[in-house]
Amino acid sequence: MPDDTLDDLFAHNRAWSAQMERDRPGFFTSLVKQQTPKYMWIGCSDSRVPANQITGLDPGEVFVHRNVANIVVHSDLNALSAIQFAVDMLKVEHIMVVGHYGCGGVKAALDGIRVGLADNWIRHIQDVRDRHHVMLESLPEEVRADALCELNVAEQVVNVAVSTVMVDAWSRGQKVTIHGWAFGVHDGLLQDLQMSMDGSKPLDAIYKAAVQRIRYKWSTPGESTTIVPRPRSEASVDELPSDGIPKRPAP
Ligand SMILES: [Zn+2]
């Protein structure tokens with residue numbers, strides 16, 4: 001017996017296709033010819049964070065890569081190939097790395113919860129957690145997961161920026177900007193973490209300002225997120241080398 005739920009999916013699909021064609025005759029014919037998205041979305045696989053619906057973009061307008069907890073690992077050929085295709089072939093102008101509050105992967109990383117094979121993937125977020133442990137432990141316990149969600153976005157934006165794809169694109173003058181965003185499952189709203197990188201400014205300064213903003217935001221909930229300079233000693237755990245490429249702290 002066919003699954004009723006799956007039948008529903010096909011029925012909805014037929015209705016959607018017919019509605020699109022009624023509203024915008026020739027829509028699918030134009031899609032067949034090419035895709036020319038301006039945007040690439042790197043987000044979490046979480047079913048509550050669908051790129052197109054959140055941003056009001058149609059099919060053909062955003063190139064999407066999703067995995068558990070929106071991680072870009074230097075050696076992940078899946079993510080890197082998607083980024084390379086988006087930048088080199090599709091010529092996207094913006095890449096958004098989008099985390100979301102209430103992310104199960106981030107929570108598991110923060111609390112060290114074992115979930116199985118995915119522990120090995122989530123380990124990358126634990127590296128972020130460990131890198132910023134001084135800050136995280138200074139924050140109220142109830143906001144640490146949201147802060148780590150944003151810190152993870154900041155780290156992954158840098159990981160995209162230091163990829164060979166982006167280094168090569170910027171060196172040949174291609175205009176591509178990487179953004180760090182966070183999505184609120186509780187209100188449906190996107191937050192810009194204000195750490196956009198277009199290759200024209202040192203990555204370390206943008207990264208450090210973003211981390212400082214995150215620290216301030218979550219240590220003083222409800223207040224504005226204006227950057228307040230901190231004594232150097234407090235920021236030492238987040239210091240970066242002068243070459244602008246973040247490195248993991250020594251063990
Ligand atoms: Zn998630």
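**Helix packing and a buried loop**

User: How do the axes of α6 and α8 cross in this model?
Analyst: The axes of helix α6 (residues 119–131) and helix α8 (residues 144–161) cross at roughly 105° and come within 10 Å. Axes are lines fitted to C-alpha atoms, for helices over the stretch in contact, with angles from 0 to 180 degrees between N-to-C directions. Helices (H or I, at least four residues) and strands (E, at least two) are DSSP runs, numbered from the N terminus. The pair is therefore roughly perpendicular, the term for 65 to 115 degrees.

User: Which residues make the contact?
Analyst: I125, V128 and R129 from α6, with L148, L151, N152 and E155 from α8. Contact means C-beta atoms, placed from the backbone, within 7 Å.

User: Is this experimental or predicted, and how is it numbered?
Analyst: This is a predicted model: local features need pLDDT of at least 70, side-chain atom pairs count only at pLDDT 80 or more, and totals for chains, interfaces and linings use all residues. Residues are numbered from 1 along each chain as its sequence is written.

User: What's the mean pLDDT?
Analyst: 89 for the chain, with 86% of residues at 70 or more. pLDDT is the predictor's confidence in each residue, from 0 to 100.

User: Where does it stay under 50?
Analyst: Over residues 224–251. Where pLDDT is low, the predicted coordinates should not be read in detail.

User: Back to α8. How many of its residues are buried?
Analyst: 17 of the 18, so α8 is largely enclosed by the rest of the structure. Buried means 20 or more other C-beta atoms within 10 Å of a residue's own, exposed 12 or fewer, partly exposed in between; C-beta atoms are placed from the backbone. Across the chain, buried residues make up 33% of 251.

User: What does V72 touch?
Analyst: I42, A79, Q156, N159 and V160, leaving out residues up to four places away in sequence. V72 sits in the loop between β2 (62–67) and α4 (77–89).

User: Buried or exposed?
Analyst: V72 is buried, with 24 C-beta neighbours inside 10 Å.

User: What about N70: where is it, and what is its phi?
Analyst: N70 lies in the loop between β2 and α4. Its phi is near 40°, positive in a residue other than glycine. Most residues other than glycine have a negative phi. N70 is buried, with 31 other C-beta atoms within 10 Å.

User: And Q194, where is that?
Analyst: In the loop between β5 (190–192) and α10 (203–219). Q194 has a positive phi of about 55° and is not a glycine. It counts as partly exposed, with 14 C-beta neighbours inside 10 Å.

How values were computed:
Contact = placed C-beta atoms within 7 Å. Parallel < 35°, antiparallel > 145°, perpendicular 65-115°, else oblique.
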